[in-house]
Amino acid sequence: MDSQMEHQIKQQVDIRVLPMGSDLVFLITGGAAHIGASATAYWTAWGAHLAAPKCETITLPGHREGELAAELAMLAASTLGVTATVVVGIHLEQPTRSEITNIVNRTREGMKQKIALLR
């Protein structure tokens, strides 16, 4: 396998959606799958109205997926009006800044596509 093909395989992102009642869990992996961070965005009630969703994030030591997990959980919750948990584990060996930007952008786009299918 040539290095360009290997590089493309490493940058693939897989997004799976699991319904849990009316809530949703998104599992996002890329490269060597693992759990790097999780974020849950949820709605709080103010009287008869729902306020903007809030988000709680856990990032495992040595991982950098926390901000992305929170961003995507908030996107899913605010777009779909549900409680959404996003678990992210994306691992690339010694990625360049460009590769990181590329994988993050692919992940954002993939999440937008999944959310659009769920509307």
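Author: Helix H3 (97–118) gives the largest share of the lining of the largest pocket, 3 residues. Helix H2 (66–80), S7 and H3 each supply at least two lining residues; helices (H or I, at least four residues) and strands (E, at least two) are DSSP runs, numbered from the N terminus. Please keep in mind that this is a predicted model, where local features need pLDDT of at least 70, side-chain atom pairs count only at pLDDT 80 or more, and totals for chains, interfaces and linings use all residues. Residues are numbered from 1 along each chain as its sequence is written, and side-chain values use heavy atoms, with hydrogens and water left out.

The largest pocket holds about 510 Å³ of space. Of its 14 lining residues, Arg64, Glu65, Ile90, Pro95 and Ile100 are the closest to its centre. A pocket here is an open set of points on a 1 Å grid over the protein atoms alone, where a 1.4 Å probe fits, with protein on both sides within 12 Å along at least five of seven lines; lining residues have an atom within 4 Å of a point. The volume is the space filled by probe spheres set on the points, which are joined across faces, edges and corners.
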